[in-house]
Structures are given as C-alpha cells and as structure tokens.
Amino acid sequence: MLKLDFHPAGRHFLQIPGPSPVPDRILRAMSLPTIDHRGPEFGALGLQVLSGIQKIFKTTQPVVIYPASGTGAWEAALTNTLSPGDTVLMYETGHFATLWKKMAEALGLKPEFIGLPGIEGWRRGVQADAIEARLRADTGHVIKAVCVVHNETSTGVTSNIAAVRKAIDAAGHPALLLVDTISGLAAADYRHDEWGVDVTVSGSQKGLMLPPGISFNAVSKKAIEASKTAKLPRAFWGWTEIIEMNKTGYWPYTPNTNLLYGLNEALDMILEEGLDNVFARHDRLSAACRLAVQAWGLEVQCADPTVYSPILTGVMTPEGFDADAIRKIIYERFNMSLGTGLGKMKGRMFRIGHLGEANDLSLMATLAGCEMGLKIAGVKLAGSGVGAAMDFLAEQKIPPLKIAA
C-alpha cells in the first residue's frame with residue numbers, strides 16, 4: 001500500500017508556491033457528505049459560492065467555475081473567445097506564460113510571443129509599452145487578444161495589469177485582454193472590473209487555500225459578446241449553458257461538490273479576515289522573505305522591486321551550486337518542500353512560497369530551514385536571513401488576534 005503521509009514527527013512544511021497548505025477548516029468542510037447536485041440544498045450552496053467568488057475577483061460580472069485545474073481555465077478562456085487562425089499577442093514573463101503560448105499553438109491559434117531576451121525577461125514584469133507599440137503597428141486589427149500573466153509563479157514577478165489595460169486603450173485597439181492570475185487571486189490585489197480585464201483565469205490551489213481541482217473564468221460583457229461568434233470548438237468549456245444554469249445555483253454537468261464545500265469555507269475565511277488585510281499579510285511576509293535573501297547575500301529572482309510578488313520569492317543560487325541539490329538537502333533533513341526552478345531557471349534558483357494560510361511563524365520556520373540547508377550545502381552566507389526577517393516582523397504593527405467569546 002502506498003503511504004502518502006510518511007513523516008515520522010511534526011508536520012511537513014509545504015512551502016512551494018502552490019498547491020498551498022489546506023487549512024483544517026477547509027478540510028473539515030470538504031469532509032461533509034456529498035449531496036444531490038440537483039437538490040435545493042445544493043442550489044443554495046451554488047448561489048452562495050458564485051456570489052462570494054465575485055467579491056474575490058472584484059467583479060459584478062459572471063464567474064464561471066470549472067471542475068478542472070488552471071490549465072483547463074486557460075483553454076476555456078481561449079476557446080470561448082477566439083477562432084482558428086486568430087493572432088494573439090502573448091507576453092513572455094516565465095514558464096507559465098510559455099505554457100499558455102504552447103496551448104494557444106495546439107489549439108490552432110497564432111501566438112506572437114514578445115518580451116525581453118533571455119533570462120532578463122524572466123526577471124521582470126510585462127512591459128506595457130511594448131504591448132502598446134505592437135498594437136499601434138497592428139492597424140488592421142489582426143490581433144484579437146492580448147494574453148498576460150499577472151503573478152508569474154515560476155519567477156516571483158507580479159505584473160501591472162492596469163498598465164496593460166491602459167496600453168491597449170492608448171493604442172485604440174479592440175483586442176480582448178485575457179489575464180492569468182492563477183497564483184495571484186486572493187493573495188495579491190486584483191480588480192477584474194476596474195482594470196478592464198475581459199477574461200480572468202484562476203485556480204483553487206494557491207491563495208484560495210484549496211486542493212487543486214477548481215478553476216475559474218471571470219468574464220466581461222465584451223468577452224461574452226465575443227463568445228457568440230468565436231469558432232474554436234468547445235463543449236465542456238462553453239460559457240453559455242453554464243452561466244444560464246448558474247443563475248439558479250446549478251451546473252449543466254456534475255460539479256465537484258465537496259470542493260465547492262471547501263470553496264465556500266475558504267471564501268468565509270478570506271472575507272472574515274478582509275481582503276485588504278489578506279493582501280497586507282502577504283505583502284508583510286514577502287518583504288520579510290526578501291530581506292532574508294538579501295541578508296544571505298543572495299539575489300532575489302525578480303530584478304525589479306516595483307513588481308515583487310507577495311506570493312513567492314525566487315532565490316538565485318551562487319555559481320557552482322545546484323538549486324535542486326540544495327532543495328533535496330532541505331527536504332531530507334528538515335521535512336520541507338520548496339519550489340523548483342522551471343524552464344530557463346532549472347537548477348539556478350529555488351522558490352519559497354508564502355501564500356494562503358501563511359503567517360509570521362510559518363515563514364520564520366521556513367527561513368530557518370532554508371538557512372540551515374544552505375549552510376549544509378556549503379553556500380557561504382553573508383549574514384543571517386533569519387535574524388533580518390525576525391527583526392523586520394517584530395517591528396510591524398498588525399491588528400491583535402481576535403479571540404472568540
């Protein structure tokens with residue numbers, strides 16, 4: 001029999017940038033008995049989660065929920081709005097932007113992939129001026145959509161989506177704006193309506209603190225209009241029937257009932273804390289983590305301080321040190337998982353996740369494991385990152401813990 005929880009003492013530290021650790025409250029909610037997905041109790045649940053998730057996306061428009069990973073929501077965003085042979089402008093910020101581009105090719109679209117050359121493009125955010133320049137040159141409006149990643153999980157860069165919207169508007173171009181915030185939602189500020197996004201793609205296993213298995217498309221009126229003439233094949237992913245049935249809290253297929261229980265609990269947890277407080281907590285933890293990396297004398301993967309991610313921190317390892325070998329030491333010695341480098345950054349960096357249910361003490365334990373692992377691996381550190389982060393966190397003014405009466 002396969003043993004999935006083999007850790008002999010203490011809990012496993014899952015410090016990858018998603019899936020994030022699932023809180024006990026959510027696990028308990030998911031353990032409730034499955035109910036009839038055509039019955040009145042489920043309809044009430046459906047309406048509640050559909051209303052709650054709109055608050056997280058900051059939209060009054062429909063949010064389509066799929067029993068799928070974020071990859072499924074990528075496909076849904078493309079197939080509902082585009083036709084075979086359509087040109088899409090996609091910006092390379094890292095591994096996941098690259099995968100979305102490969103999907104577009106597989107679906108018969110024609111992606112134009114722009115960005116800064118080499119590794120430099122994986123250390124900075126979307127350059128909105130480059131998008132504007134390309135759209136201004138497209139006088140025939142051949143480009144039908146602009147696709148960008150909000151929080152690039154492979155690099156620790158959070159791009160300015162409002163600037164991308166402004167660039168499209170400044171160019172006077174009718175292209176749709178499609179945004180992946182799979183790792184950003186509920187951890188970094190995101191405003192679907194205010195930023196003029198047409199389709200926002202997200203998933204359950206990051207800031208929403210759920211296991212993988214739910215994904216989302218938040219859709220604008222413009223996107224829905226585009227879906228009426230889009231010609232890419234779609235059946236399961238089609239918005240029309242789902243949005244219509246969602247009006248009464250139901251789905252046109254069997255939904256993942258127990259994950260929706262978990263989503264309902266996650267929404268309660270986030271809204272109880274308050275979205276602004278959630279964002280402030282993530283900002284605080286990410287600042288502390290970066291201070292630790294800098295105190296070690298190592299480079300943060302993101303080279304532009306204006307787009308540091310609050311979800312994760314990428315750590316560049318010194319020349320001659322394999323980041324995956326360091327990760328292996330930390331895993332075997334301290335029972336902690338860190339994110340691997342992906343694509344161009346394989347072996348050159350590791351990723352520290354500080355999202356979801358993370359707090360000051362969970363981050364301090366994570367940094368202690370990293371610091372000890374780096375020392376065991378023989379990396380010469382400039383100083384104590386643990387001390388630097390601890391001093392920073394101790395100085396922060398945060399609301400006192402509320403104890404229930």
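**Entry 1**

I started with Lys58 and Asp189, whose side chains meet in a salt bridge at 3.0 Å, N to O. The term here means a side-chain nitrogen of Lys or Arg within 4 Å of a carboxyl oxygen of Asp or Glu. Lys58 sits in the loop between α2 (40-57) and β2 (63-66) and Asp189 in the loop between β8 (176-180) and β9 (199-203), so the pair ties together parts that are 131 residues apart in sequence. My helices (H or I, at least four residues) and strands (E, at least two) are DSSP runs, numbered from the N terminus. Over the structure I count 21 salt bridges.

A note on what I am working with: this is a predicted model, where local features need pLDDT of at least 70 and side-chain atom pairs count only at pLDDT 80 or more, while totals for chains, interfaces and linings use all residues. Residues are numbered from 1 along each chain as its sequence is written, and side-chain values use heavy atoms, with hydrogens and water left out.

Back in the loop between β8 and β9, I looked up Ala186. Its phi is near 70 degrees, a positive value in a residue other than glycine. I also found a cis peptide bond joining Gly18 and Pro19, with omega about 0 degrees. Pro19 lies in the loop between β1 (13-15) and α1 (24-30). For context, most residues other than glycine have a negative phi, and most peptide bonds are trans.

**Entry 1: two domains**

Next I took the domain assignment, whose bounds come from an automatic or database source. It gives domain 1 (13-20 + 274-395) and domain 2 (24-271). Their C-alpha centres lie 27 Å apart. Counting contact as heavy atoms within 4.5 Å, I find 32 residues of domain 1 touching 34 residues of domain 2.

The area buried between the two domains is about 2,700 Å², and carbon and sulfur atoms give 59% of that; this is the accessible area (1.4 Å probe) that two parts lose on being put together, summed over both. Which three residues supply more than any others of the area that domain 1 buries against domain 2? They are Leu275, Phe279 and Lys344, with 21%.

**Entry 2: charges across the interface**

How many salt bridges does the rule find across the interface of domain 1 and domain 2? There are two. Lys344 turns up again, its side chain meeting that of Glu92 in a salt bridge (3.1 Å, N to O).

**Entry 3: the annotation**

Last, I checked the record: an unreviewed UniProt entry has the annotation "domain: Aminotransferase class V" over residues 48-295. Such annotations may be inferred rather than shown by experiment. Over residues 48-295 I get 43% helix and 16% strand, with the end C-alpha atoms 46 Å apart.
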